[in-house]
Amino acid sequence: MSWVSKTLNSTLGKKLIMALTGIFLILFLVVHLAGNLQLILPDDGKSFNVYAETMASNPLIRIVSILNFGFILLHAVYAAILTRHNKKSRPIGYAVSKASENSSWSSRSMGILGTLILIFLLVHLRGFWYELKFGEVPIVTYDGVSYKDTFAIVSAAYQNIFYVIFYVVSMGVLAFHLAHGFSSAFQTLGINHKKYTPFIKKLGLAFAIIVPALFALIPIIMFIQGS
Amino acid sequence: MNLTLKVWRQKNPSDKGGFKDYTLSGISSDMSFLEMLDVLNEDLSEKGDDPVHFDHDCREGICGMCSLYINGQPHGPTQTTTCQLHMRSFKDGDTITIEPWRASSFPIIKDLVVDRSSFDRIIQSGGYVSVNTGGVPDANEIPIPKIIADEAFDSATCIGCGACVAACKNASAMLFVSAKISQLALLPQGKVEKRGRAEKMVAQMDDEGFGACTNTGACSAECPKGIDLSNIARMNREYFAASLSTEEH
């Protein structure tokens, strides 16, 4: 076995993969949010449509998006491998457990939270990514140039109250996942310092609240605007 | 104090085992938890029953021999060893559930006694300094910053009881292994071999079947010696640096 696979196959190496892919996905969330916030600009979706078209046609963004799919998959697959391994390490549990005395709920529920996020992602990709790629998308023209009217697809989807509720709840799940995941990734990378760790923890908590909240705000605003 | 105990009884490693209820009366709140169990065992012996088997040795909180998962927490409700846990932490009429450490790497020998020799094998794989470093050097002969000396000392206070494994939802031994790696990596005598040591000890830890770390912090919160999570971060650094820099491949 080469030293690379030996390292990555150790329990520490598997966690390293979780941390690195996790940090990439955290950065992805920021970029995705910046794009999405254009949905609520009062210009009938012009800037969002132009942005979506630019993203879809830029070759660099295409490479990053393939990487992104890969990392999501890697994050999920390694989570499953680790969960299986960890379950084997304690085949018989305790009759009485006071886990809440020593750890946070989100840190103990990363697996279930992650599974819910994966389900959300599948619905999300079916609703938007698949529709834009393979569905029929209306065309809109700005200054003589025609664009796919991505905004129309999104705003139509957000007229369904159940869809909006599903999105908002999923962002709540994401918030709990990030509340532990953000700072945990740094600890796994070996970054733990009296000066910086308290800051990383606070930053992680702020990120876990602000980013999902802004994501959730978009479908709520668009639902209210549409009705 | 009057108490009801729910104790895990298991005849041997292959026995299925189960909880058995016992009632105790006239327990003093000044007794240690182990003294309370001594009272129970005296009762059982007098009746001709098999006493409850549990690990203990120094009863001073320094040897790491006692264990027990008490009412859902390793070493019970206070952050100390079971031998230093006193009955004043409980109330008259309480029901106390006593379970063994649960981990596939800590197989049950009998009742509440588990085999923690997996920890010994991890230490044997690299938790030492290979050469004789002689007697105690003169003070200040080898300059070590106070902050480093303190940190190494804090790591070295790990008594290897296994509460970290018992507390962890993954039965991970990372807090134990990282404390042992840290105490040696921080000081000049141990520093020389720190890279190879991290690789060997982590490999042995994985071979023993301990779980991975989710950074829940349960280990540190339950550790009777309060070993800090920064040890695990240091172990990760040492291990990744070792696999990138050592010449064996």
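1. Basis of the note. Residues are numbered from 1 along each chain as its sequence is written, while chains are lettered from A and ligands numbered from 1 in the order in which they are written. Because the model is predicted, local features need pLDDT of at least 70 and side-chain atom pairs count only at pLDDT 80 or more, whereas totals for chains, interfaces and linings use all residues.

2. Overall form. The C-alpha atoms of chain B fill a box of roughly 60 × 40 × 30 Å along the principal axes. Chain B has 9 helices and 7 strands (DSSP runs numbered from the N terminus: H or I of at least four residues for helices, E of at least two for strands).

3. Burial. Of the 249 residues of chain B, 46% count as buried, that is, with 20 or more other C-beta atoms, placed from the backbone, within 10 Å of their own.

4. Domains. Chain B is divided into domain 1 (3-109) and domain 2 (116-245), with bounds from an automatic or database domain assignment. The centres of the two domains, taken over C-alpha atoms, are separated by 29 Å. Their contact takes 18 residues from domain 1 of chain B and 17 residues from domain 2 of chain B; residues are in contact if their C-beta atoms, placed from the backbone, lie within 7 Å.

5. Contact between chains. Chain B gives 39 residues and chain A 37 residues to the contact. On the side of chain B, β5 (95-99), α7 (194-207), α8 (218-222) and α9 (230-245) each supply at least two residues. The largest share, 8 residues, comes from α9(B).

Technical notes. Contact = placed C-beta atoms within 7 Å. Buried ≥ 20, exposed ≤ 12 C-beta atoms within 10 Å, placed from the backbone.
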